[in-house]
Amino acid sequence: MGCLGHSSIPVNDENNNKKEEEELKNNINQIEDKEKEDKEKEDKEKKLREQQKKEQEIKEQEEIKKTENEQNKKEPVIDDEKSGSEVRSHNKTIPEDPGHYLEIPVNVKKGKVFVPEKADLERFQRDALKRHNYYRKYHQSVPMELTQKLNDYAQQYAETLAEKDEMQHSTKEEREKIYGDWTGENLYYFWTSQIDLTITGAAAVDDWYDEIKDYDFQNGKSKNGGVVGHFTQVLWKDSTQLGIGVAKSSKNSVYVVGNYHPGGNFNNNDLKNVFPAKV
């Protein structure tokens, strides 16, 4: 009767296996340590960039204030012939807006793009309206109000732009479907490397209003060929309804859309709708 054999793992093989396990463990530890080190380095660089950005913004604001103060000393007050009241030149500083504008995160995944939470989007839209009306108040225009139709259209188109990741106005025909007539549109875009970016409802409006530097109030046109249509649409007296939308692309580009009804920049009626600041 035969005997059953007894198998065993050679000692050398056991040692090799243990050695391989230790090497693997060491490699994993090294990788984890490297990832931790890289993360700490990345965090430090991010904080440094943010600090440099803040310092640059403070420096720029100081330069702006310095320039404005110098201009205020040189520029005379202009008399309005019709009313006899005093009006400030268009590049004089209007009173600082006392309103608080909340930083809104745009990080909720929606299909291929990112949007704010519903409550944040509504706050963003209200803040954009408030900023419009702040400027309109000092430029002798009536206040605007938000409408659901325009908000829905602006938000939908902001998401379309973010999905395509390109700046392009919607067509006149598409916008005419909202109310059956001319509806204006302003677009705003910026890109940032910060993943968890935030934006205020005032940001795009300030960018559009900044075109005032190129606008000639006497002729109702650009004084140097620069773009002024966003600025004039913000102030356009006959535009009384507003819609605002915002979305972020997968590549971290943010798109803001403003829609206006009745639309501005129409029939060369600038002189009847866009007025100098009156403080």
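**Core, central strand and salt bridges**

In this predicted model, the largest nonpolar core has 34 residues. Trp208, Phe231 and Val256 have the most contacts inside it. Two or more residues each come from helix 2 (118-138), helix 5 (203-209), helix 6 (229-235), strand 11 and strand 12. Helix 2 gives the largest share of this core, seven residues.

Strand 12 covers residues 253-261. Nine of its nine residues are buried, so the strand is largely enclosed by the rest of the structure. Both of its faces are covered. On one side lie Ser253, Tyr255, Val257, Asn259 and His261. On the other lie Val254, Val256, Gly258 and Tyr260.

Strand 12 pairs with strand 7 (residues 184-191) through eight bridges, and the two run antiparallel. Here Tyr189 stands opposite Tyr255. Strand 11 (residues 241-248) is also joined to strand 12 by eight bridges, again antiparallel. In this pairing, Val246 stands opposite Val256, one of the core residues with the most contacts. Strands 11 and 12 form a hairpin with four residues between them. Asn252, in the turn, has a positive phi of about 75°.

Strand 7 also contains Trp191. Together with Met167 and Tyr189, Trp191 forms a nonpolar patch on the surface. The accessible area of the three residues together is about 340 Å².

Helix 3 comprises 17 residues, 148-164. At 1.5 Å a residue it should span 24 Å, and its end C-alpha atoms are 24 Å apart, so the two values agree. Its buried residues include Leu150, Tyr153, Tyr157 and Leu161. Polar residues Asn151 and Gln155 are buried as well, as is Glu159. Just after the helix, Asp165 takes a positive phi of about 55°.

The salt bridges number 10. Within helix 2, Asp127 and Lys130 are three residues apart, which means a separation of about one helical turn. Their side chains meet at 4.0 Å, N to O. Asp127 is buried, with a relative accessible area of 2%, whereas Lys130 is partly exposed at 33%.

A second bridge joins Arg131 and Asp206 at 2.7 Å, N to O. Arg131 lies in helix 2 and Asp206 in helix 5, so the pair ties together parts that are 75 residues apart in sequence. Arg131 counts as buried at 13% relative accessibility; Asp206 is partly exposed at 25%. Asp97, Arg131 and Asp206 are linked in a network of salt bridges.

Lys237 and Asp238 form another salt bridge, with their closest N and O atoms 3.2 Å apart. Lys237 is partly exposed at 27%, and Asp238 is partly exposed at 40%.

How values were computed
Residues numbered from 1 in each chain as written. Predicted model: local features only at pLDDT ≥ 70, side-chain atom pairs only at ≥ 80, totals over all residues. Heavy atoms only, no water. Buried < 20%, exposed > 50% of the residue type's maximum accessible area, 1.4 Å probe, protein only. Pairing = 2+ DSSP bridges. Patch = residues over 30% accessible without salt bridge, like charges linked within 9 Å, V, L, I, M, F, W, Y side chains within 5 Å. Areas by Shrake-Rupley, 256 points an atom, 1.4 Å probe, with all protein chains shown as cover. Expected span 1.5 Å × (residues − 1). Core = buried A, V, L, I, M, F, W, Y, C linked by side-chain atoms within 4.5 Å.
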